[in-house]
Amino acid sequence: MDSANITLNQGTGWILLAIFSIAWIALGIFWGRKAKDHEGFMLAGRNVGMALGAATAMATWVTSNTIMLAPQFALKMGIWGMLAYSTASFGLFLFAPMAFRIRKLLPKGFTSGDFVRLRYGKAVWVCFLLISIIYSMAWLVSMAMAGGIVLQTLSGIDYIYGMSVILGVCVLYTLFGGLFAVIGTDFVQSLIILIGIVVVGAVVLTKVDLPTVYNDLATTQPALLDVMMPVALLALFNNMFFGFGEVFHNNVWWSRAFAMRGDVSHKAFFLSGCLWFPIPIAAGFIALCAGSMGINVTDIDGVGPLVASQVLGPIGAIVVFVVVFCSLASSIDSLLAATSDLIIQDVYHKMIAPHASDAQLRILGSRIIIGLGIVTWLISLPRLADLNMVLFLSGPLVASAIFPIICGLYWKKANRTGALIAMLLGSAIGLYAYFAIGWFVASLISAAISVLTMLVSSLLAPGKFDWSQLDESKLEEVTAEPIHKS
Amino acid sequence: MTLFSENFFIILIYGSLIWTALGALILIALLLKDRKNNKIW
């Protein structure tokens, strides 16, 4: 790290960290008082309104990776790089009608695992849980690492200390408040993120002349403005499919669909996509301005915060610091809550202890949140090579789940064998493509293999699924009724 | 090599910032509406 690049002193960094840590924990405790039972802790009472619903979906999808990687994409792939990152919002748009159908088919559902188990049976369920938990861990680790990196870039706080504090704070307030705390803090964090990005972008625009930036790029790096940049175009589709896979399969989004009121879930997801779309461009373009401002980029991982702090000085560094802290917290808390739900509800409650009491589930939920925090911390300790690698390595896994989920929700003929082979084959060939060709095609190839497998299998041996089997509350009522022998 | 036009470049950047700012205003307005109708949670 070049010490000349650090514009916030360590003391200020620690003060900011302390202020926001105390604020999130206090808000978490305040909103967490609403959680009276395990279901309230997991799904915030299933009555979340439009404002909080849209904000939580948007804020969760604005990860620290958005703030860190969007400028990297701009620096490596120019205009198409920023647009490619923005296509990740399409996952939220397309999840909107799915959220409506999920609420209709599974009115008392808890997790995405519930759907896969009831729709496709145990083998697909186990495979799905593996993919989902591996991806969630990769996402958690990439964000914990990003937190450590950005704190170091902006204030010189040692990577390990910064990463540990951010992770610890998120574990604490998720532990106290469950989804009530997560959604409540997400709203505040989403406002800070949106306002912070606009402030940084607007001030950068007062320091540079965009036509000059354009001419500089056209002269020195015309490829960044190229209408036909093959790698960037592949990245666009890859990112789009990665976004679909992530949003469609991950319990982070399913738990929100279950938590929102039935009449607002689809509208809230659509609005969150609209709110998310411009963010990678608004946060990423500042990297394109680096050359025109004479900023020497030495650490590509931290190019966005570096440019902002160089242009805006200490105030800019504080704004970026706070925005990244909020984007980290809004995603880490959601992942901790949703992944622990998946482990408690699907692994413990359904596989190990079906008669566990509400109190037992609540206690175990707290322990799993702490356990996830510890595992994430241990994996993040050795700073891994590249944020892109951590994030995109799991891309082909989640992309393989896109079509089994879509077909499972809308197509009666989709069968369980097809779903299982689609996930296994898509993941395997996608991972091979990742190493043999590159990250920018891995998700694309995985999704293509997955859809082909799903279609061929389900057309050759069509299933006849009865949608009513997805409503477990009705199934429980039926099995609870006394049996009268005639 | 065909490049994106300068106008597109400028509109893209200004547009994204205005759109992002509008997003914050929409969220605040929705929260006030939900609060009025007692439908926040």
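How many salt bridges does the rule find across the interface of chain A and chain B? In this predicted model, the number is 0. Polar contacts, on the other hand, are present across the interface of chain A and chain B, where 9 residue pairs meet the rule, both partners being at pLDDT 80 or more.

The interface itself can be described from both sides. Contact involves 51 residues of chain A and 28 residues of chain B. The size of an interface is often expressed as the accessible area that is lost when the parts come together. For chain A and chain B, about 3,500 Å² is buried between the two, and 82% of this lies on carbon and sulfur atoms. Within chain A, the residues that lose the most area to chain B are I79(A), L210(A) and Y214(A), which together make up 16% of what that side buries.

On the side of chain A that touches chain B, at least two residues each come from α3 (50-61), α4 (64-86), α8 (159-207), α9 (210-220), α12 (265-276) and α13 (279-288) of chain A. Helix α8(A) supplies the largest share of that side, with 13 residues. Sorted by class, the side of chain A that touches chain B holds 42 nonpolar residues, alongside 6 polar and 3 charged ones.

Salt bridges do occur elsewhere in the model. Side chains of opposite charge can pair when their charged atoms come close. Over all chains, the count by this rule comes to 6 salt bridges. One of them joins R256(A) to D186(A), with the closest N and O atoms 3.4 Å apart. Because R256(A) sits in helix α11 (residues 251-259) of chain A and D186(A) in helix α8 of chain A, the pair ties together parts that are 70 residues apart in sequence.

Two or more lining residues are given by each of α4, α8, α13 and α14 (303-352) of chain A. Helix α14(A) gives the most to this lining, with 5 residues. By class, the lining of the second largest cavity has 11 nonpolar and 3 polar residues, and no charged ones.

Technical notes
Residues are numbered from 1 along each chain as its sequence is written. Chains are lettered from A and ligands numbered from 1 in the order in which they are written. Side-chain values use heavy atoms; hydrogens and water are left out. Contact means heavy atoms within 4.5 Å. Buried area is the accessible area (1.4 Å probe) that two parts lose on being put together, summed over both. A salt bridge is a side-chain nitrogen of Lys or Arg within 4 Å of a carboxyl oxygen of Asp or Glu. A polar contact is a pair of N or O atoms within 3.5 Å; within protein, one must be able to donate a hydrogen and the other to accept it, and residues adjacent in sequence count only if both atoms are side-chain atoms. Helices (H or I, at least four residues) and strands (E, at least two) are DSSP runs, numbered from the N terminus. Ala, Val, Leu, Ile, Met, Phe, Trp, Tyr, Cys and Pro count as nonpolar, Asp, Glu, Lys and Arg as charged, and the others, Gly among them, as polar.
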